[in-house]
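Subject: Structure handover

Hello,

Here is the structure I promised to pass on. Please open it first, then read the notes below it.

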Amino acid sequence: MKNSKTYKVIGLMSGTSLDGLDIAYCHFKKENTIWHYSIEKAISIEYTKEFKEKLKSTVHLEASALLTFNNEYGIWLGKQVDNFITTHNLSVDFIASHGHTVFHQPEIGLTYQIGSGQHLANSSGQKVICDFRVNDVSYKGQGAPLVPIGDLHLFNEYDFCLNLGGISNVSFSNNHKRIAYDISPVNMLLNYICSKTNLEYDKGGQLAKTGQINVLLLERLNTLEYYDLKAPKSLGYEWFTQKVIPIIDNPSDTIENLLHTAVHHIATQITNDIKKTKKNSSKVLVTGGGAKNDFLIEVLTQKLKPFATIIIPEDKIIDFKEALIFAFMGVLRERKEINCLQSVTGATKDSSSGVIYEPL
């Protein structure tokens, strides 16, 4: 039996690397048991330096200031979407918004993304589905990663789906279950090092390529306790500031050497985890901003040989895969179907997560 309805959804994503807001207008259609998708229109709106600093500082705001900014950010998101819809004359069923993560400490039952759903709905004039993590955390899950449900239904021709954003995460099937978790910091780490010289990022990994490995620094990074934990597990900005920044700030070395060492650290942790699965001759789909870091991809490719082959898709998928999948999560929530997998998050049950807001 065919379900011919086409869902027309806008997915919003703002990641830990603070690059900006990704907006993707997507179509989804289920035929028999197979989901089909297309990214019809997509843009990235870069955050201004001031706005980026404000987002970065949210973790330190007092409660009233944070809640106020939560509302302001929701209004701002709505205005961006309304402008996007008007510019392209789009017909939209609803918006699915990830929000921007401020706190992620699932071990104490806390996850918090700003971007008030009601303010977003009112500002855009569109129905909104958001807060996808909270329900899973209420079932004692990590509330992350959430993208694997999309990997399962939309990208299942690959053995591994690897996202290189602020944080790297991997998703794969094992014994008919979807497994996924955060591996290591990526752009969060590389961009932090670049900020020491007022650079926003190391384009293509050109600076990193000219450096050399700082052996002591690499050992300290590779022996962080997180890497010995078993999945399900996830990372947040708080962990990075507490555990990684003190290590990076300690050695007096060149920016080139710090970046070179960080790239080898990232590639090592990813390679270790992929090899542990014993899935030889695998295809690894790589997306996220890190997929455009030529030096990182070069090092990772060498470390993975001959166990796995890296596949870099078209730019539209590299840049907007997460926004696409949050749009898809919204579709599943709209259909009251599972969009959070306990095999991924460690929750006590699968669930259909996301809070729905109608414009008032």
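The side chain of Tyr-7 makes a polar contact of 3.2 Å with the side chain of Arg-335. A polar contact here is a pair of N or O atoms within 3.5 Å; within protein, one must be able to donate a hydrogen and the other to accept it, and residues adjacent in sequence count only if both atoms are side-chain atoms. This is a predicted model, in which local features need pLDDT of at least 70 and side-chain atom pairs count only at pLDDT 80 or more, while totals for chains, interfaces and linings use all residues. Residues are numbered from 1 along each chain as its sequence is written, and side-chain values use heavy atoms, with hydrogens and water left out.

Tyr-7 and strand E1

Tyr-7 sits in strand E1, residues 6–14. Helices (H or I, at least four residues) and strands (E, at least two) are DSSP runs, numbered from the N terminus. Tyr-7 is buried, at 8% relative accessible area. Buried means under 20% relative accessible area, exposed over 50%, and partly exposed in between (1.4 Å probe, protein chains only). Not counting residues up to four places away in sequence, Tyr-7 touches Cys-26, His-27, Phe-28, Trp-35, Asp-93, Val-331, Glu-334 and Arg-335. Contact means heavy atoms within 4.5 Å. Tyr-7 and Phe-328 are 321 residues apart in sequence, yet 9.1 Å apart in space, C-alpha to C-alpha.

Ser-14 also belongs to E1. Ser-14 is buried, with a relative accessible area of 3%. Its side chain has a polar contact of 2.7 Å with that of Tyr-47. Another polar contact, of 2.7 Å, links the side chains of Ser-14 and His-100.

How many residues of E1 are buried? Seven of its nine. E1 pairs with strand E2 (residues 20–31) in the antiparallel sense over nine bridges. Two strands pair if DSSP finds at least two bridges between them. E1 also pairs with strand E4 (residues 94–97), in the parallel sense over four bridges. Ile-10 stands opposite Tyr-25 in E2, and its bridge partner in E4 is Ile-95. The hairpin of E1 and E2 has five residues between the strands, and Leu-18 takes a positive phi near 60° there.

The five-stranded sheet

Next, an open sheet. Its five strands have the order E10-E9-E8-E11-E12, with mixed pairing. Strands E10 (177–185) and E12 (308–311) stand at the edges, each with a single partner strand, so one side of each is left without a neighbour in the sheet. Neighbouring strands of this sheet are turned by 20° against each other on average, direction ignored. Axes are lines fitted to C-alpha atoms, for helices over the stretch in contact, and angles run from 0 to 180 degrees between N-to-C directions. Strand E11 (residues 282–287) and E12 run parallel, joined by four bridges. Val-284 has Ile-310 as its bridge partner in E12. Helix H10 (residues 255–276) lies across E8, E9, E10, E11 and E12, running at about 160° to E10.

Helix H6

Seven of the eight residues of H6 are buried, so this helix is largely enclosed by the rest of the structure. What covers the buried residues of H6? The cover includes E8, E9, E10, H9 and H10.

The axes of H6 (residues 187–194) and H9 (residues 237–249) come within 11 Å and cross at roughly 45°. That makes H6 oblique to H9. Angles under 35 degrees count as roughly parallel, over 145 as roughly antiparallel, 65 to 115 as roughly perpendicular, and the rest as oblique. Met-188, Leu-189, Tyr-192 and Ile-193 of H6 make the contact, with Tyr-237, Phe-240, Val-244, Ile-245, Ile-248 and Asp-249 of H9.

Backbone points to check

Two peptide bonds are worth a look. Ala-144 and Pro-145 are joined by a cis peptide bond, with omega about -15°. Pro-145 lies in the loop between helices H4 (134–138) and H5 (148–154). The bond from Ala-231 to Pro-232 is cis, with omega near 5°. Pro-232 lies in the loop between helix H8 (215–222) and H9.

Asp-131 is not a glycine, but has a positive phi of about 50°. Asp-131 is partly exposed, at 22% relative accessible area. Ser-281, also not a glycine, has a positive phi of about 55°. Ser-281 lies in the loop between H10 and E11 and counts as exposed, at 66% relative accessibility.

Best wishes
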